[in-house]
Structures are given as structure tokens and as C-alpha cells.
Amino acid sequence: MLVFVASGAFTAVSVRTWYRTLARPPGAPPDWLFGPVWAALYPMIGVSAWLVWRRIDRALEAKRAALRLWGWQLLANAVWPPLFFGLQSPALGLVGIVALWTSIALTLRAFWPLSRPAAALLVPYLAWVSYATWLNAGFWWLNR
């Protein structure tokens with residue numbers, strides 16, 4: 001939840017100013033859609049980690065490694081808004097969101113053998129970040 005609030009703080013100021021001046025890529029959603037999507041995704045991200053964390057079995061090291069990856073993806077998630085909105089840089093945002101996408105994919109892959117429901121909860125997150133990566137690339141391309 002802290003990541004959600006912190007991301008919102010960086011985003012809110014720039015969305016009302018700088019972001020509105022950017023040329024938008026085709027398929028860019030209305031601004032109001034981002035908040036509800038993230039409000040749905042963050043609980044899923046948290047529950048996925050909880051499902052892996054609560055496992056009691058002999059795969060302790062695999063569980064720890066998977067949860068470390070989960071932490072890295074959460075960090076990457078927190079870094080993207082300051083790069084894109086805070087620094088007003090679609091180029092740096094693109095670097096950050098590619099790292100985020102990669103860390104989500106690695107986390108999903110690590111969660112799969114430990115808890116398929118946990119991995120499944122990350123699929124909409126990966127799908128949304130895939131779309132957001134395409135949008136970020138479009139913002140970069142159109143506003144170079």
C-alpha cells in the first residue's frame with residue numbers, strides 16, 4: 001500500500017501539468033483509469049506474496065528466493081513513477097518499466113512451482129505492465 005501511495009504522490013502533480021502536454025500514443029487510456037487499475041492490482045500483488053510466504057514445506061530456499069524477487073519487483077514498481085513523472089523523462093521511465101516487467105516475469109516464474117494461484121494473481125499485473133511498457137515507449141517515441 002505504501003508503494004501505491006508514494007507512486008500516486010509523484011504521479012498526481014505531473015499528471016495535472018507536464019503529462020497533459022505530451023503527445024499521446026494510440027490506445028492511451030483516459031487518465032482516470034490508472035487509479036482503479038492499480039487499486040485492483042496492488043491487493044493481488046500482496047496476496048500472491050502471502051500465498052507463497054504461508055507455504056510450509058521443504059522448499060524453503062526456493063520460497064525465500066521467490067519472495068526476494070517479489071521484493072525486487074515491488075522496488076522496481078516504486079522506482080518507475082519518479083523516473084517517468086518525477087524526472088519527467090519517458091526515456092528513463094522506459095528503462096525503469098522494462099526492469100519492472102522483467103522482475104514481474106521472473107517473480108511469476110519463481111512463484112509458479114510454489115503456488116500456481118500466487119503466480120496466476122501476477123498475470124493481470126504482468127499484462128497491465130506490458131501495456132504500460134508499450135505506452136511508455138509510445139510517449140518516449142512521440143515526445144523525443
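**Entry 1: the core**

I began with the largest nonpolar core, which has 34 residues, and found that Tyr-19, Phe-84, Phe-111 and Tyr-125 touch the most other members. A nonpolar core here is a set of buried Ala, Val, Leu, Ile, Met, Phe, Trp, Tyr and Cys residues joined through side-chain atoms within 4.5 Å. Buried stands for under 20% relative accessible area, exposed for over 50%, and partly exposed for what lies in between, using a 1.4 Å probe and protein chains only. I noted that α2 (34-53), α3 (60-86), α4 (90-111) and α5 (116-142) each supply at least two residues of this core, and that α5 gives the most, with nine residues. Helices are DSSP runs (H or I, at least four residues), numbered from the N terminus.

Before going on I wrote down that this is a predicted model, in which local features need pLDDT of at least 70 and side-chain atom pairs count only at pLDDT 80 or more, while totals for chains, interfaces and linings use all residues. Residues are numbered from 1 along each chain as its sequence is written, and side-chain values use heavy atoms, with hydrogens and water left out.

I then listed the neighbours of Tyr-19, leaving aside residues up to four places away in sequence, and found Ser-14, Arg-24, Asp-31, Phe-34, Phe-84, Phe-85 and Phe-139. Contact means heavy atoms within 4.5 Å.

I checked the length of α3 next: its 27 residues should span 39 Å at 1.5 Å a residue, and its end C-alpha atoms are 38 Å apart, which agrees. The expected span is 1.5 Å times one less than the number of residues in the helix. The buried residues of α3 include Trp-70, Gln-73, Asn-77, Trp-80, Phe-84 and Phe-85.

How do α3 and α4 pack, by angle and by distance between their axes? I read an angle of about 160 degrees, with the axes 8 Å apart, and that makes α3 roughly antiparallel to α4. Axes are lines fitted to C-alpha atoms, for helices over the stretch in contact, and angles run from 0 to 180 degrees between N-to-C directions. Angles under 35 degrees count as roughly parallel, over 145 as roughly antiparallel, 65 to 115 as roughly perpendicular and the rest as oblique. The crossing of α3 with α4 is left-handed, a term for a near helix turned anticlockwise from the far one by less than a right angle.

Against α5, α3 packs at about 25 degrees with the axes 14 Å apart, and the two are therefore roughly parallel to each other. At this pairing Gln-73, Asn-77, Trp-80 and Phe-84 in α3 meet Tyr-125, Asn-136 and Phe-139 in α5.

**Entry 2: α4, and α2 with α5**

For α4 I found 22 residues and a reach of 30 Å from the first C-alpha to the last, close to the 32 Å expected at 1.5 Å a residue. Its buried residues, among them Gly-93, Gly-96, Leu-100, Ile-104 and Phe-111, pack against α2, α3 and α5.

The axes of α2 and α5 come within 8 Å and cross at roughly 145 degrees, and α2 passes α5 in a left-handed crossing. The contact includes Phe-34, Trp-38, Leu-41 and Ile-45 of α2 and Leu-121, Leu-122, Tyr-125 and Trp-128 of α5.

**Entry 3: single residues**

Is Leu-126 buried or exposed? I found Leu-126 in helix α5, and it is buried, with a relative accessible area of 17%. Leu-126 touches Trp-101, Ile-104, Ala-105 and Leu-108, not counting residues up to four places away in sequence. Between Leu-126 and Ile-45 I read 81 residues in sequence and 10 Å in space, C-alpha to C-alpha.

Val-13, in helix α1 (residues 2-16), counts as partly exposed at 49% relative accessibility. Val-13 and Ile-56 are 43 residues apart in sequence and 44 Å apart in space, C-alpha to C-alpha.

Gln-88 sits in the loop between α3 and α4 and has a positive phi of about 50 degrees although it is not a glycine; Gln-88 is partly exposed, with a relative accessible area of 37%. Ser-115, in the loop between α4 and α5, is buried at 10% relative accessible area, and Ser-115 touches Leu-51, Val-52 and Arg-55, not counting residues up to four places away in sequence.
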